[in-house]
Amino acid sequence: MNRVERREQILAAAVVAFAEGGYAGTTTDQVARVAGVSQPYVVRLFGTKADLFYEVFDHVASQILERFERVAPGPDAKERMADAYADLIGDPNRLRVLMHGFVVGAEPAAVGTRAREVLGRVFELYRSRTGGDVEAARTFVATGMLLNVLSALEAPRHVGEDQNLAALVECSIGRIAQGTR
């Protein structure tokens, strides 16, 4: 593998590792083990753990924003924005990394800055693509955050444990699965 391919391999491994352990609970050594490389190699390519987490978060955030940016403005933009989000749910690691980035919020500072940019950009993209007002855009972002939390909790796998959780999953994730947003 060349350096670029190895970097992509480590970045993919870091997404998995940080999705599982978050920023505080993941080490560069764990990332290296998942990637099948040495820890010094990870540090040489990415720098500190904070630098690596920023790259992972930025990579994931860019993929998410890219999905929404591909939606052209128009009368069916609301449905296409919802479809773009529904596609994202298929990769729980990406959503967990996003949530971990929101959790760390201020430290590392660059992650907090990027996380705030992402949230604001999704809000703006919804408004510009759909022509929706601020309330509709807030609802879209809020629903997305609820879906992220339910995904991070693996709530659909645990609906049999609590009838209230089952109802929440059905009225949120269930609607997406049925295509009835």
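Ser172 is placed in helix H9 (residues 163-178); helices (H or I, at least four residues) and strands (E, at least two) are DSSP runs, numbered from the N terminus. The model is predicted: local features need pLDDT of at least 70 and side-chain atom pairs count only at pLDDT 80 or more, while totals for chains, interfaces and linings use all residues. Residues are numbered from 1 along each chain as its sequence is written, and side-chain values use heavy atoms, with hydrogens and water left out.

With a relative accessibility of 10%, Ser172 counts as buried (under 20% relative accessible area; exposed is over 50% and partly exposed lies in between, with a 1.4 Å probe and protein chains only). A polar atom of the Ser172 side chain lies 2.5 Å from the backbone oxygen of Leu168. Leaving aside residues up to four places away in sequence, Ser172 touches Leu146, Leu147 and Leu150, where contact means heavy atoms within 4.5 Å.

Arg94, in helix H6 (residues 92-104), is also buried, at 9% relative accessible area. The C-alpha atoms of Arg94 and Ala19 are separated by 7.2 Å, although the two are 75 residues apart along the chain.

| Residue | Residues touched |
|---|---|
| Arg94 | Val60, Gln63, Ile64, Arg67, Leu88 |
| Phe68 | Met81, Ala84, Tyr85, Leu88, Val122, Leu125, Arg129, Phe140 |

Phe68 and Ile10 have the most contacts inside the largest nonpolar core, which has 48 residues. Such a core is a set of buried Ala, Val, Leu, Ile, Met, Phe, Trp, Tyr and Cys residues joined through side-chain atoms within 4.5 Å. Helix H4 (residues 49-69) gives the most to this core, with 9 residues.

The whole structure holds 6 aromatic pairs, that is, rings of Phe, Tyr and Trp (its six-membered ring) with centres within 6.5 Å; planes under 30 degrees apart count as stacked, over 60 as edge-to-face and the rest as tilted. Tyr126 and Phe140 form a stacked pair, 4.6 Å centre to centre with 20° between the planes. Because Tyr126 lies in helix H7 (residues 109-130) and Phe140 in helix H8 (residues 134-152), the pair ties together parts that are 14 residues apart in sequence. Both Tyr126 and Phe140 are buried.

One aromatic cluster is formed by Phe18, Tyr23, Phe53, Phe57 and Phe102.

Conventions. A polar contact is a pair of N or O atoms within 3.5 Å; within protein, one must be able to donate a hydrogen and the other to accept it, and residues adjacent in sequence count only if both atoms are side-chain atoms.
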